[in-house]
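Biologist: I would like to go through this model one point at a time. Please end each reply on what I asked for.

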Amino acid sequence: MKKQIQQIIDAVKESQRILIVGHVSPDGDCFGSMFALGMELERQGKYVRTSAGEGLTDKYNFMRDYLNCCAAKDLDEEEFDLVIAVDTADDYRVGSILEPIFKKQPLKISIDHHMTNPGFSDINWVEERSATGELIYELLKEMDAPITVRTANALYAAIMTDTGNFIYSNTTPETLRLAAELVSIGAEVQMLAEEIYNKRSLGATKLMGAAIDTIKLYHDEKIAIMYADYAMIEGCGAVPADCESLINFAREIDTVEIAMLVREINKTRYKVSLRSKKYADVAQLAGFFGGGGHHFAAGCTLDGTMEEVMEKMLMKAEELI
């Protein structure tokens, strides 16, 4: 057994009130990892709360009965013995509201697959895998946890989303073997595919078209930049969470190596999602601006105007092409 796994198991045994947190703009790996771990800790008789972003988003609403998931503002002044951050590459990635709650907890654990993670907790298990869900599955097996259908669904959703439904380069033979194990347990593959990839609101559908119209190509059409501001999101009847997969439309352009999606957080702050295909290290690109992630998928947050942010990102991106 890995030393970090034993440390995590020991910390859980000694704790009764546990907070599990994820990153802002939570995705399937974030929710799936939080819920799979949280359901097992609840089974052990622990008091468990989970929190990421503004809480569970519509796309992952099929997990609404698995476990509570609240916005940070709803945690109030609760006291915890232990906080576990999953799929979160740095402490600031939990968000401005949750960060002080995270930092004040007496014991902190990080479980993450982002190799840019600096190890910001007391116990850090950071290992390169296709998804944090793979690490959670390994942890649950070492805990001798029963993998229920709900747990299998949560873990399958985690791995499915971070591998682009098993087509990204981070899909390994071990990833596929693990997915097969989850299916044999009862993971509902068709339901998960429908909920995550094949269903969206009218507003989200309109937002796709509006965002695609913003795409511009640079540097011999190897760099694509697109954006989504609040006026566009609200005008389409969408919500910020509907921006999650928009960057794929820029990435899929045949000539593009680096794709960027700039999304407005407020008038002076913007979240930048980054993707690459073959060789560009977008984790390095994000790192220039205090962000991080993986070689082919990363992100960062910049202050300024939309135009200033796009100009800064373009200048650095051109250095990697």
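Biologist: What is the relative accessible area of Ser25?
Modeller: This is a predicted model, in which local features need pLDDT of at least 70 and side-chain atom pairs count only at pLDDT 80 or more, while totals for chains, interfaces and linings use all residues. Residues are numbered from 1 along each chain as its sequence is written, and side-chain values use heavy atoms, with hydrogens and water left out. Ser25 sits in the loop between β1 (17–21) and α2 (28–43). Buried means under 20% relative accessible area, exposed over 50% and partly exposed in between, with a 1.4 Å probe and protein chains only; Ser25 is partly exposed, at 35%.

Biologist: What value is phi of Ser25 near?
Modeller: Most residues other than glycine have a negative phi. Ser25 is a residue other than glycine, and its phi is positive, near 50°.

Biologist: How are α2 and α5 oriented to each other?
Modeller: Axes are lines fitted to C-alpha atoms, for helices over the stretch in contact, and angles run from 0 to 180 degrees between N-to-C directions. The axes of α2 and α5 are 7 Å apart and the angle is about 155°. Angles under 35 degrees count as roughly parallel, over 145 as roughly antiparallel, 65 to 115 as roughly perpendicular and the rest as oblique. α2 and α5 are therefore roughly antiparallel.

Biologist: By class, how many charged residues are in the contact of α2 with α5?
Modeller: Contact means heavy atoms within 4.5 Å. Among the residues making it are Gly28, Asp29, Phe35 and Met39 of α2 and Arg150, Leu155 and Asp162 of α5. Ala, Val, Leu, Ile, Met, Phe, Trp, Tyr, Cys and Pro count as nonpolar, Asp, Glu, Lys and Arg as charged, and the others, Gly among them, as polar. In the contact of α2 with α5, seven are nonpolar and five polar, and the number charged is three.

Biologist: What is the hand of the crossing where α5 passes α6?
Modeller: Helix α5 (149–162) and helix α6 (173–185) pack at about 150°, with axes 9 Å apart. They are therefore roughly antiparallel. A crossing is left-handed if the near helix is turned anticlockwise from the far one by less than a right angle, and right-handed if clockwise. α5 passes α6 in a crossing that is left-handed.

Biologist: How many nonpolar residues are in the contact of α5 with α6?
Modeller: α5 contributes Val149, Ala152, Leu155, Tyr156 and Ile159, and among the α6 residues are Thr175, Leu178 and Leu182. In this contact of α5 with α6, no residue is charged, one is polar, and the nonpolar ones number 10.

Biologist: How are α4 and α6 oriented to each other?
Modeller: The axes of α4 and α6 come within 11 Å and cross at roughly 60°. The crossing is left-handed. α4 and α6 are therefore oblique.

Biologist: How many charged residues does the contact of α4 with α6 have?
Modeller: Glu134, Tyr137 and Lys141 in α4 meet α6 residues including Glu174, Glu181 and Leu182. By class, the contact of α4 with α6 has four nonpolar residues and one polar, and the charged count is four.

Biologist: What arc do the buried residues of α8 cover around the axis?
Modeller: In helix α8 (202–212), Gly203, Ala204, Leu207, Met208 and Ala211 are buried. Their cover includes β7 (223–228), α9 (230–235) and α10 (247–251).

Biologist: What helix is included in what covers the buried residues of α7?
Modeller: In helix α7 (189–197), the buried residues are Leu192, Ala193, Glu195 and Ile196. What covers them includes α5.

Biologist: How far apart in space are Tyr230 and Glu127, C-alpha to C-alpha?
Modeller: Tyr230 is in helix α9, and Glu127 is in the loop between β5 (123–126) and α4. They are 103 residues apart in sequence, and in space the C-alpha separation is 36 Å.

Notes. Helix = DSSP H or I, 4+ residues; strand = E, 2+ residues; numbered from the N terminus.
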